[in-house]
Amino acid sequence: MVLKSPDTVMGLDLPATRPDGREWLDLTKRWYKSMQTGPMAPRMGMEADWFSLMDLAKLKDDYWRMSKPSAVMAAEIRQRFLSRPPPASRRRSRPLRLMI
């Protein structure tokens, strides 16, 4: 199956500023926009996915600002990006049953 990019920008917009009030790096804004317009955007599925992506944007922005990049930060970014379950697996999963 070949994924196609959406015709429109999808998902939540990146806030105008970072949580600490500083401006986002242009690189971060371009990366986030590429996620909104890339072929995986229609598969994001839930609003929570976009909030997770915003968290990842903050980590990437911090990483790109470092004078000496941190291997620990790079590992955290990689882990967060890869650990999200794809929407298809969410649809296949069964709801949790609480045992009380």
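**Figure 1. Polar contact between the side chains of aspartate 62 and arginine 18.** In this predicted model, the side chain of aspartate 62 makes a polar contact of 2.8 Å with the side chain of arginine 18. A polar contact is a pair of N or O atoms within 3.5 Å; within protein, one atom must be able to donate a hydrogen and the other to accept it, and residues adjacent in sequence count only if both atoms are side-chain atoms. The model is predicted, so local features need pLDDT of at least 70 and side-chain atom pairs count only at pLDDT 80 or more, while totals for chains, interfaces and linings use all residues. Residues are numbered from 1 along each chain as its sequence is written, and side-chain values use heavy atoms, with hydrogens and water left out. Aspartate 62 is found in helix α2. Helices (H or I, at least four residues) and strands (E, at least two) are DSSP runs, numbered from the N terminus. Leaving aside residues up to four places away in sequence, aspartate 62 touches Arg18, Arg22 and Met73, where contact means heavy atoms within 4.5 Å.

Figure 2. A salt bridge is a side-chain nitrogen of Lys or Arg within 4 Å of a carboxyl oxygen of Asp or Glu. Side chains of opposite charge can pair when their charged atoms come close. Arginine 18 and aspartate 62 meet in a salt bridge through their side chains, at 2.8 Å from N to O. Arginine 18 lies in the segment before α1 and aspartate 62 in helix α2, so this pair ties together parts that are 44 residues apart in sequence. The side chain of aspartate 62 also forms a salt bridge with that of lysine 58, at 2.6 Å from N to O. Both aspartate 62 and lysine 58 lie in helix α2, four residues apart, about one turn of the helix. Aspartate 62 counts as buried because its relative accessibility is 18%, whereas lysine 58, at 23%, counts as partly exposed. Buried means under 20% relative accessible area, exposed over 50%, and partly exposed in between (1.4 Å probe, protein chains only).

Figure 3. The side chains of aspartate 61 and arginine 18 meet in a salt bridge of 2.6 Å, N to O. This pair links distant parts of the chain, with aspartate 61 in helix α2 and arginine 18 in the segment before α1, 43 residues apart. Aspartate 61 counts as buried at 0% relative accessibility, and arginine 18 counts as buried at 3%. A network of salt bridges links Arg18, Asp20, Arg22, Lys58, Asp61, Asp62 and Arg65. The whole structure holds eight salt bridges.

**Figure 4. Aromatic cluster of Trp31, Tyr32 and Trp50.** Ring pairs link Trp31, Tyr32 and Trp50 into a cluster. Rings of Phe, Tyr and Trp (its six-membered ring) pair if their centres lie within 6.5 Å; planes under 30 degrees apart count as stacked, over 60 as edge-to-face and the rest as tilted. By this rule there are two aromatic pairs. One of them, tyrosine 32 with tryptophan 50, is edge-to-face, at 6.3 Å centre to centre and 70 degrees between the planes. This pair links distant parts of the chain: tyrosine 32 is in helix α1 and tryptophan 50 in helix α2 (residues 47–65), 18 residues apart. Tyrosine 32 is buried, with a relative accessible area of 1%, and tryptophan 50 counts as buried at 7% relative accessibility.

**Figure 5. Nonpolar surface patch of Met1, Leu3 and Met40.** Met1, Leu3 and Met40 make a nonpolar surface patch of about 360 Å². Patches are made of residues with over 30% relative accessible area and no salt bridge; like charges are joined within 9 Å, and nonpolar side chains (Val, Leu, Ile, Met, Phe, Trp, Tyr) within 5 Å. Accessible areas come from the Shrake-Rupley method with a 1.4 Å probe, and for residues only the protein chains shown count as cover. Leucine 3 is found in the segment before α1 (26–37). Leucine 3 counts as partly exposed because its relative accessibility is 33%.
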